[in-house]
Amino acid sequence: LGLGNNKRAEEAAEAAIRYSPELPVAHRLVAMARINSGFKESVRFVRRQWGRSAVDPAKRSVALDPAEAAGYWILAQATAMAGQLKAAKMAADQGARLAPLNAESWRVRAQVARNIGDLKVAESCAREALRLDPQNYAASNELGLVLQRRGKTTESLGQFANTAAIDPALG
């Protein structure tokens, strides 16, 4: 949508909302553009601001289509980035209830659990995501991060090598 430019992606999604305000995917795209902008920030305060700016469009997406797991995944990421960890966990859990066989459900749950500090749950969720989709780059990287935080250095290095093998251009 924005060809790698989060600002252009956000502007395009906002134009879609002006044209059709009841389109859940447009609200999800605004939230994702803001989340992606936040991921590029190294200062925690700035990241939290991006997360807070993504929460409302993510909530709107969920309100418009409460049966769509993707809305909850994005809401979980936005609220986690904003520092609202309890809300992030609730959104991630709901996304997983709606799509239990989708690896993204488990990857998002792993990411939120890692942010909360529940590393045992994070590891279990990341492993489930990879069981469902062994080529999922984000889930593989998430497992490496969790293993690293758990002090499983050798295993984490092996996992990061597996991640790089999934897509050498990204690794």
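How many salt bridges does the count come to? The points below take up this question and then turn to the pocket and the surface.

1. The model under review is predicted. Its count of salt bridges comes to twelve.

2. Within helix α6, Glu104 and Arg107 are three residues apart, about one turn of the helix. Their side chains meet in a salt bridge, at 2.7 Å from N to O. Arg107 is buried, since its relative accessible area of 8% falls under the 20% cut-off.

3. A further salt bridge joins Arg150 to Glu123, with 2.4 Å between the closest N and O atoms. Arg150 belongs to the loop between α8 (137-149) and α9, whereas Glu123 is in helix α7 (residues 119-132), so the pair ties together parts that are 27 residues apart in sequence. The two partners fall into separate accessibility classes: Arg150 is partly exposed at 35% relative accessible area, while Glu123 counts as buried at 8%.

4. Helix α7 also holds Glu128 and Arg131, three residues apart, about one turn of the helix. These two form a salt bridge whose closest N and O atoms are 2.7 Å apart. Glu128 is partly exposed, with a relative accessible area of 21%, and Arg131 is exposed, with 55%. Through shared partners, salt bridges also join Glu123, Arg127, Arg150, Lys152 and Glu155 into one network.

5. The largest pocket has a volume of about 430 Å³. Its lining comprises 13 residues, of which Arg44, Arg47, Ala80, Met81 and Asn115 are the closest to the centre. At least two lining residues come from each of α3 (44-64), α4 (69-81) and α6 (103-116). By class, four residues of this lining are nonpolar, five are polar and four are charged.

6. On the surface, a nonpolar patch is formed by Leu23, Val25 and Leu29, which together have about 200 Å² of accessible area. Leu29 is part of helix α2 (residues 24-39). With a relative accessible area of 35%, Leu29 is partly exposed, and it therefore passes the patch requirement of over 30%.

7. Ala161 lies in helix α9 (residues 153-166). Ala161 and Ala33 are 128 residues apart along the chain, and 29 Å separates their C-alpha atoms.

How values were computed
Residues numbered from 1 in each chain as written. Predicted model: local features only at pLDDT ≥ 70, side-chain atom pairs only at ≥ 80, totals over all residues. Heavy atoms only, no water. 1 Å grid on protein atoms, 1.4 Å probe; cavity = no way out; pocket = protein on both sides within 12 Å on 5 of 7 lines; lining within 4 Å. Points joined across faces, edges and corners; volume = space filled by probe spheres on them. Helix = DSSP H or I, 4+ residues; strand = E, 2+ residues; numbered from the N terminus. Nonpolar A, V, L, I, M, F, W, Y, C, P; charged D, E, K, R; others polar. Patch = residues over 30% accessible without salt bridge, like charges linked within 9 Å, V, L, I, M, F, W, Y side chains within 5 Å. Areas by Shrake-Rupley, 256 points an atom, 1.4 Å probe, with all protein chains shown as cover. Salt bridge = Lys/Arg side-chain N within 4 Å of Asp/Glu carboxyl O. Buried < 20%, exposed > 50% of the residue type's maximum accessible area, 1.4 Å probe, protein only.
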